[in-house]
Each structure stands twice: as C-alpha cells, then as structure tokens.
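Dear colleague,

Please find the structure below, handed over for your study. My notes on it follow, arranged by topic.

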Amino acid sequence: MKKALLTAALFALLPLSSHAADITLEVEGLDASRTTGAALLVGIYTEAGQWLNNAASGQRFALDAAVGGKVTVVLKNLPEGQLALSLFQDANGNGKLDMNAMGMPTEPYGFSNNAIGQYGPPKFEQAVVTPAAGVPVKVRLN
Amino acid sequence: MSTTRRSLLTALLAGGLSPELMALGLPGIATEAPELAPMRGLDGEGLDAANVTVEGRLPAGLNGRYFRNGPGLMQRAGKRYRHWFDGDGLLQSWSLQDGRISHRARFVQTEKFRAEQEAGRFLLPAFGTAIPAERPVRGPDSVNVANTSVLLQGDHLYALWEGGSAYELDPATLATRGVKAWSDELRGMPFSAHPKVEPDGTVWNFGTANGRLAVYQIGADGQVRRHAVLDVQAPAMLHDFAVSQRHLVFLLAPVTMDWAAVRAGQPMLDAMRWGADRPTRVLVIDKADFSKRRVFEMPAAHVFHFGNAWDDGRLLRVDYVQGLPLPEFNAAAEQMMRGERPSRDDSTPRVLEIDLQTGRLNVTVRSEAVEFPVVDPRVVAQRHRFVWYPTSVDTGTRWGFNGLMRLDIESGARERFSFGNDVVVEEHVLVPRPGSTKEGEGWLVGMGYDVKRRRSFLSVFDALHLAGGPLARAWLPYAVPYGFHGRFYPA
C-alpha cells in the first residue's frame with residue numbers, strides 16, 4: 001500500500017521533472033538597503049533573436065522579505081530546453097531597469113550563467129543554460 | 001587601532017623606515033629620495049593625535065575644521081599601485097579650537113577598500129594599475145577610491161573622486177556613511193573632486209563619462225537645482241574647471257581613450273592617448289542656459305587645476321596651472337611611486353584672457369614651479385587678484401615643493417617663502433580672518449612633511465605676509481601620506 005502511494009506520487013511528479021517546467025533560481029548580490037517595495041524582475045528568453053528584446057515570458061517576485069542581499073524564487077511553467085535569463089532588482093518598483101543621466105544602470109542586474117558583457121550586455125550564447133531537474137540556477141547580481 | 005600598534009606604526013614611520021622599505025622592495029626611498037618616504041602609504045588603519053604640539057603662536061580666531069583627502073594606501077600583499085592617483089582615500093580632519101589642535105585620519109570605507117581590506121590583497125583594477133577583477137565591476141563606483149578632495153554641506157562630509165559618486169562621511173568621526181546619490185536619476189553619476197562653491201553656498205560641479213559632460217548646480221541646502229548631460233566630446237580625463245559670474249569654463253585637452261587597449265586589459269591610464277598636434281578646446285557654458293555654449297581653441301595643453309575665473313560680460317579671465325603633457329606627467333607619477341625622483345615634473349602658472357566679442361585669446365605665461373592653486377573663498381566666481389600656490393625655490397633634483405607663493409595676477413608681483421630643502425609643502429588653503437572683508441585678509445593653512453624629523457605638520461601663515469614665515473606649526477607624532485586637496489570650515 002505504501003509502495004503504491006509512493007509510486008503514484010512519483011508518477012504525479014513526472015510531468016514536472018521531465019519537462020523542467022519549474023526551476024529554482026538562487027539570487028545574490030541584491031542591494032539590501034533597497035528591498036522594501038522592491039521586486040526581482042526576471043525575463044526568460046528562448047531564442048537568440050529575441051534576446052533582451054522580446055522575452056518569452058517574465059516573472060516578478062516581491063523582495064520585501066529578502067535577507068542579506070539574497071533571495072530564492074521558483075520560476076514556474078518554463079518552456080523546456082535551453083533558455084537565458086535577464087534579471088534585475090527593481091529597487092523602486094517602477095517595473096523597469098533605471099539608468100542614470102549617463103545611461104549607466106542604477107539598479108543591480110545580472111544574467112544566467114553570470115554572463116558578463118564587454119562594455120554592453122552579454123550575448124544570448126553566453127547566458128544560455130539548460131536547467132536540470134532539481135538543480136537550482138544561481139545568478140549573482142552586480 | 002591599539003596603542004601598541006599605533007606606537008609601532010609611528011615608530012616605523014618616524015624613525016625606522018629603511019629596513020621596512022627594504023623589505024617592501026623600495027630600497028631607493030629612504031636613502032636616495034627621503035622626501036618620497038610618505039609615498040609608502042599606510043596599511044589601512046587610521047591615525048589619531050589628540051593633543052598636537054604647537055610651535056609658534058596660533059592666531060586667535062583661527063577656529064574650525066580642516067579636512068583633507070589623498071591617497072593613503074599604496075600596496076597590499078606585496079603588490080604596489082603603479083600610479084599616485086590609484087591610492088585608496090585617506091580622509092584627514094584637523095580640529096583647531098582656542099589654540100588646541102587635534103588630528104584624525106580614516107580610510108574611506110569604499111566598496112573596494114572594504115573588500116580588499118578583508119581579503120588582504122587587491123581585488124579590483126585601479127586607474128593606473130592592471131589588477132584582474134576578482135569582483136564584478138558594474139560601473140565606476142565599483143573601483144571608486146574616493147581619494148581626491150572634500151566638501152562639507154551641513155552635517156554631510158563628502159570624500160570626492162573624479163569618475164564616480166561622492167562618498168558621504170560623518171564629519172565628527174570620519175565614519176563612512178556610504179555612496180551619495182544626489183537624486184535617483186543621478187545615482188552612480190561621475191561627480192568631480194573640484195566643485196566650486198560660490199560665496200552664497202551655491203555649488204557647481206561636473207563629471208565626465210564616454211565623452212559626455214554632466215554639469216550640476218546644487219544649492220547650499222544640498223538640493224540639486226539643475227543638471228544636464230552635454231555632448232561635448234569631453235576628453236578621457238577632465239579634472240577641474242572654473243566658474244565666473246556668468247560662465248562655466250572648461251579646458252578640454254586632446255586626451256582620448258583607446259577602448260581596444262582597455263578591452264585588451266590595459267589600465268585606463270595606459271589607454272589614454274595624447275594628441276600633441278590637436279588643440280585644447282576652451283568650452284564656455286552660460287550658467288543661466290547650459291545650451292548656450294562657445295568653444296575656442298588653443299595649442300595642446302594639459303591642465304589639472306584652476307584658481308578662479310571672472311568676467312565682465314565681454315572679457316573672461318581664467319587662471320590655472322599648466323602641467324606637463326599627460327604622458328610625461330604619468331611617467332613622473334609612476335617614478336614617484338617607485339621611490340625615484342621624477343626626471344621631469346614641472347607645472348607653471350597661466351592667466352588666460354578671452355575676449356568674448358572677438359574670440360581672441362591671450363595667455364600670460366609664468367615660469368615658477370607651482371601646483372594646487374587656491375583663492376580666497378570670498379572671491380570664487382568673482383573678480384579676484386590673488387592666487388596662492390605651493391612652489392619650489394631652488395630645490396635642485398629633489399622632488400616636491402618647499403615653499404609657498406602669492407601671485408598678484410593683476411600686477412604680476414609675487415611674494416614667496418621657502419622652508420628650505422628639508423621640507424615638502426602640500427596644498428595650503430585660504431581661511432578668511434573673521435570680521436575681515438578684503439580679499440586675502442586671513443591665514444594660509446596647509447600641511448607639510450619634514451624630511452629630517454620624518455613627521456608631518458600643519459602650518460599657518462599670514463596670507464598677505466608669507467615672507468614672514470609661518471606664524472605657527474603643529475607637529476604630528478607621525479608622517480601622513482601626501483594628500484591632494486582640502487577645505488577649511490570655520491567654527
């Protein structure tokens with residue numbers, strides 16, 4: 001009986017794991033002095049041609065409870081296969097990555113694979129990851 | 001810092017430099033160029049002297065706080081910065097009250113300093129030193145060393161750099177409060193180390209990045225009144241400017257950034273290119289309307305510092321110190337960091353007159369070796385007559401200034417004082433005598449280093465009678481690394 005339940009439970013989980021639809025995203029490097037009313041905005045991209053231009057989907061997470069500049073969130077219902085993430089701390093909750101008058105970002109941002117661009121954002125290929133079931137994606141904002 | 005540790009440090013700085021310098025791979029400093037010993041820098045700890053010994057008589061009425069900033073830490077874990085400008089900011093505070101003097105120095109706890117202090121080694125590239133980044137570099141503030149100058153507004157003391165934000169400190173304790181954002185949209189903007197403060201408290205400043213020039217007008221209350229970002233093909237390095245009644249005046253030297261070299265891993269400094277055959281552009285901006293701008297041209301000249309500017313609507317007069325072309329200056333700064341006397345290091349006074357109607361320029365050239373010009377704070381952006389500078393009087397091959405000079409830019413007359421060749425003189429600022437109204441009535445206050453005694457001091461002169469020598473000197477029980485700029489705030 002116990003075994004039957006367990007089997008049922010495993011089968012129930014199968015669609016999730018085999019399609020990698022949910023992934024855990026561990027983020028560090030938040031500006032801890034600006035988390036009240038702030039949000040983590042995550043853009044999910046599946047094609048190089050759409051990179052930083054037209055996200056396949058976007059998800060938003062309140063940061064009021066973030067502690068020590070870190071937060072762990074779960075991205076749900078993601079498409080299968082490889083993808084690239086662009087994320088930032090929307091410190092003032094206005095829904096966009098703010099720039100100063102010289103065009104420098106004024107809110108912490110980062111990319112999957114911790115990709116770093118040379119005097120500009122990284123390329124899609126640098127940020128691409130293929131999430132594996134049960135393995136969190138880690139990004140450090142800077 | 002514990003007393004033992006401080007005593008040890010003091011002993012090392014004051015008396016026992018040679019063995020330590022040998023160990024640090026700087027054998028030349030103590031023996032061949034003792035005037036460069038303070039360039040060794042501190043180890044990241046602060047300094048305190050509660051009761052400083054005063055020699056001579058401090059003028060009654062000279063009460064207040066004198067803040068100075070400069071590069072104070074030059075090496076970690078055997079790795080030494082290559083350029084003087086790389087050093088991490090050491091903020092000094094002198095307190096003068098009824099003849100009693102105390103001194104305090106603290107490192108500005110920048111993001112870079114805190115991370116590297118914890119790691120015990122350099123983790124980030126410096127302006128003139130190639131250090132592979134072991135921490136993310138998001139923008140200029142990731143490498144901000146807050147080491148150049150100071151500004152006080154109310155209870156807010158700022159340690160200023162050039163490429164990034166001001167760092168705010170507590171003026172009483174020198175504890176770092178954090179990066180200053182003048183407003184949300186100005187977060188992370190470059191804010192130069194040479195703001196000009198008009199007698200009514202209005203602050204003008206600028207910053208450059210990628211060829212663009214930001215200008216700021218800030219009220220005495222610390223609120224930003226106006227700001228703008230102007231596309232003026234600003235040079236890769238712009239250190240100072242001047243403000244007159246009607247204009248902001250910039251000298252845009254032909255310095256460009258070779259971005260390919262930066263991407264290839266060269267430090268910013270090495271990637272700067274000097275266009276000797278291209279003009280220095282004189283940019284004149286209308287204070288009332290930033291869109292009204294004029295550009296004049298003069299032969300290539302590299303200028304760090306201005307004294308002041310004034311105009312009568314037709315004639316605009318600006319005084320400044322012309323330095324070596326940038327590559328030669330940098331070579332000299334690197335020699336100093338190695339403990340070697342620079343092969344060439346001269347900078348001399350200039351007065352530039354611009355006829356705004358005809359566009360004609362006239363430059364008066366002088367030959368005294370000077371730097372760090374200051375004027376009476378009461379004449380900023382007004383007609384002025386006097387400029388004070390540290391100067392060199394018969395220093396021979398020795399590095400550094402050993403005297404002070406007052407120049408009357410109207411008559412060309414000068415007055416000088418020399419301490420002789422055992423003293424290095426740093427910037428001295430003018431402190432108006434309370435109750436006085438005439439330009440120059442007051443004291444000239446600054447720091448110096450005595451090569452024989454191996455101690456730093458504060459000196460006070462009658463600003464209109466320099467030749468009479470210092471009225472007083474206050475001797476620290478230690479040496480302080482040479483600083484750049486300071487400001488005096490009367491009590």
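In this predicted model, the contact between the two chains draws eight residues from chain A and 15 residues from chain B. Sorted by class, the side of chain A that touches chain B consists of three nonpolar and five polar residues, with no charged residues.

A word on confidence in chain A is in order. The average pLDDT of chain A is 85, and 85% of its residues score at least 70. Over residues 6-18 of chain A, however, pLDDT stays under 50, and the model has three contacts beyond four places in sequence for this stretch. Where pLDDT is low, the predicted coordinates should not be read in detail.

I turn next to the sheets of chain B. Strands of a sheet pair through backbone hydrogen bonds, and they may do so in a parallel or an antiparallel manner. One open sheet in chain B has four strands in the order S8-S9-S10-S11, with antiparallel pairing. Its edge strands are S8 (149-153) and S11 (176-179) of chain B, each of which pairs on one side only. From one strand to the next, the twist averages 25°. Within this part of chain B, strand S10 (residues 167-169) and S11(B) are joined by three bridges in the antiparallel sense. Opposite Leu169(B) stands Thr176(B), in S11(B).

Another open sheet of four strands in chain B runs in the order S22-S23-S24-S25, and its pairing is antiparallel. Strands S22 (302-311) and S25 (361-365) of chain B each have a single partner strand, so one side of each is left without a neighbour in the sheet. Here the twist averages 20° from one strand to the next. Strand S23 (residues 315-323) and strand S24 (residues 348-355) of chain B pair in the antiparallel sense over eight bridges. Tyr320(B) has Arg350(B) of S24(B) standing opposite.

Is strand S29 (residues 423-432) of chain B enclosed or open? Nine of its 10 residues are buried, so S29(B) is largely enclosed by the rest of the structure. S29(B) also pairs with strand S30 (residues 442-450) of chain B, in the antiparallel sense and over eight bridges. Pro432(B) has Gly442(B) as its bridge partner in S30(B).

Which residues of helix H4 (residues 111-119) of chain B are buried? They are Lys112(B), Phe113(B) and Glu116(B). Viewed down the axis of H4(B), these buried residues fall within an arc of 95°, so they line one face of the helix. Their cover includes strands S4 (75-76), S6 (88-97) and S7 (100-107) of chain B. Just after H4(B) comes Gly120(B), with a positive phi of about 75°.

Finally, one residue may be followed individually. Gln217(B) is located in strand S14 (residues 212-218) of chain B. With 16 other C-beta atoms within 10 Å, Gln217(B) is partly exposed, because a residue counts as buried at 20 or more such atoms and as exposed at 12 or fewer. Apart from neighbours within four places in sequence, Gln217(B) is in contact with Thr202(B), Trp204(B), Arg225(B) and Arg226(B). Between Gln217(B) and Lys196(B) there are 21 residues of separation in sequence and 9.8 Å in space, taken from C-alpha to C-alpha.

With kind regards

Note on methods:
Residues numbered from 1 in each chain as written. Chains lettered and ligands numbered in written order. Predicted model: local features only at pLDDT ≥ 70, side-chain atom pairs only at ≥ 80, totals over all residues. Contact = placed C-beta atoms within 7 Å. Nonpolar A, V, L, I, M, F, W, Y, C, P; charged D, E, K, R; others polar. Pairing = 2+ DSSP bridges. Helix = DSSP H or I, 4+ residues; strand = E, 2+ residues; numbered from the N terminus. Axes fitted to C-alpha atoms, helices over the stretch in contact; angles between N-to-C directions. pLDDT = per-residue confidence, 0-100. Arc of directions from axis to C-beta.
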